[in-house]
Every structure is written in C-alpha cells, then in structure tokens.
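Subject: Structure handover and notes

Dear colleague,

I am passing on the structure below, together with some notes on what was found in it. Please read the notes alongside the coordinates.

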Amino acid sequence: MAQPRFRAEDASHLVIKPLDDLSLIYHRRSGTTHVVASPVPEMLGVMGGDPLGVEEILERLSQRFELGNETESLIPVVAARLEELAALGLVERL
Amino acid sequence: MNDREDHSQPDEAQAAESLAVPSRRQMLMMGAVATSAVVSIRPALAQSAASVMNCEIPVPDMGRAGQYIAADGRLVPPDTPGAFPAGRVFKGEDVKAAIKGRSLPGTSYEQSQAYMNYIRRLQAGNSGFTCYASLQMPR
C-alpha cells in the first residue's frame, strides 16, 4: 500500500507568531487561530510546500533538530500530529 | 541517603559533561503520540440558529460576477471547458445539508461539487465567508 503523503498549507495563508513554548497560527482562510506546541510549528516549517510522507518529514526534522537516538519510535508521533493537522486543514492529505 | 553499590551505575560525571557541551542543533521535544499539540480558537460569531440557517452564500462573491466555477472551485473565465456557470445564491441550511452529502438545490452532482469547492475556499472578506464559517460552529 502506498504511503500517505501530506502537504502543508501555503505559507501565504498563515500568520505565525512564536511565543515562548507555544506558537499562534492564524489561518486566514478559516479565520481560526490555532495555539500549537512543538513539534507542530517545526513540522510545518520543514515541510515547506512539498508533498512528503511521514518518514520524510521525520528525516527533515532530524536534520534540522536534535531528536535523540530513538527516531524510529517517533514515526507514530509525527503520524499522529499529521492526522491532527489534516483534520484542522493546516495540512492536506494527498 | 542511599548507599548504592551499583557498579554498573552510569558515570554521572560523564553524563553531566555531555549535558554541558552544547549540541550543534537545538533539541526538539516531540511529545507523545496521544498528546494533542493544537488548541483551535474559532472566530467568535454570535448568531442564533435561525439566522445561520437563513444566511446566504453567493456563488460567486458579488465582486466576481461573470466568472465561471471550475470543478475544483476556482474562478475561471466563462469559456473554460468543464466549468459551470455561476450566479446562484445558496442558503446556509442548503450548504449545511451539502456538507453532509446532499447536492445543492437545483444542481447536478458535479455542479454541486464545484460550488462546494468554491465555498470551501472562501476567505475572510468574501461575501458568504461569515455564513459558511458559522455553519461549522458546534451546536
């Protein structure tokens, strides 16, 4: 079965304001403000506008950030966050 | 104070030293699978149930009359193949039913899909955006 891929909402549709441990993301198209915690803003940042699978996103995160040794165990974490973001319209499931 | 005779105890001095050495990259807290990382605040729209059902969504926005609606909801010139003529106004209750799967009144299946895709793309400032956003409020 082909792996699902995801694409982040276009950056021009979002206004992102980092606070301390949280970020605010105002989604222009829905008028909704999302209060998000790591790793969500970092995931959206590394995704850019590219269509990516879960493992590709994790790979990009590990290149930019220190994730610790057990990156394999983080695959379900990234997958769960993507499902959450897809339900909110911040990423598109392709 | 515990008197530990654990010879396999990790060398605490070494561990402390590795923490003191700055890593090249920032540590990213990934959280747990089951821990949601988003709280969403919807626009505050105070409308009664009756007024939401009667609010209207023009397809297309009044400022864009004369354009056609493509299957994916984008506005296109009238001679675009496969695009549908526009100029309809839909009530909130009809769009709410369409969200649940019914076709918009007076439209074919494909036409309804195109109009719904247009409606889903509405942004703040377009006519009908507030009406559409209100339909998604939990009741």
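The notes that follow begin with conventions and then take chain A and chain B in turn.

This is a predicted model, in which local features need pLDDT of at least 70 and side-chain atom pairs count only at pLDDT 80 or more, while totals for chains, interfaces and linings use all residues. Residues are numbered from 1 along each chain as its sequence is written, and chains are lettered from A and ligands numbered from 1 in the order in which they are written. Helices (H or I, at least four residues) and strands (E, at least two) are DSSP runs, numbered from the N terminus.

In chain A, the axes of helix H2 (residues 54–64) and helix H3 (residues 75–88) come within 9 Å and cross at roughly 110 degrees, the axes being lines fitted to C-alpha atoms over the stretch in contact, with angles running from 0 to 180 degrees between N-to-C directions. H2(A) is therefore roughly perpendicular to H3(A), a term that covers 65 to 115 degrees. The contact (C-beta atoms, placed from the backbone, within 7 Å) is made by Val54(A), Glu55(A), Ile57(A) and Leu58(A) of H2(A) with Ile75(A), Val78(A), Ala79(A) and Leu82(A) of H3(A).

The largest nonpolar core has 22 residues, of which Met43(A), Met47(A), Ile57(A) and Val78(A) touch the most other members; such a core is a set of buried Ala, Val, Leu, Ile, Met, Phe, Trp, Tyr and Cys residues joined through C-beta atoms within 7 Å, and buried means that 20 or more other C-beta atoms lie within 10 Å of a residue's own. Strand S1 (5–8), helix H1 (40–47), H2 and H3 of chain A each give two or more residues to this core, and H1(A) gives the most, with five. Leaving out residues up to four places away in sequence, Met47(A) touches Ala8(A), Leu52(A) and Ile57(A).

A second, separate core of 18 residues includes Val95(B), Ala114(B), Tyr115(B) and Leu122(B).

In chain B, Pro60(B) lies in the loop between strand S2 (56–59) and strand S3 (68–69), and Pro60(B) is buried, with 24 other C-beta atoms within 10 Å. Beyond its neighbours within four places in sequence, Pro60(B) is in contact with residues including Ala65(B), Ile69(B) and Tyr118(B). Pro60(B) and Gly87(B) are 27 residues apart in sequence and 6.3 Å apart in space, C-alpha to C-alpha.

Best regards

Definitions and conventions
A residue is buried if 20 or more other C-beta atoms lie within 10 Å of its own, exposed if 12 or fewer, and partly exposed in between; C-beta atoms are placed from the backbone. Two residues are in contact if their C-beta atoms, placed from the backbone, lie within 7 Å. Angles under 35 degrees count as roughly parallel, over 145 as roughly antiparallel, 65 to 115 as roughly perpendicular and the rest as oblique.
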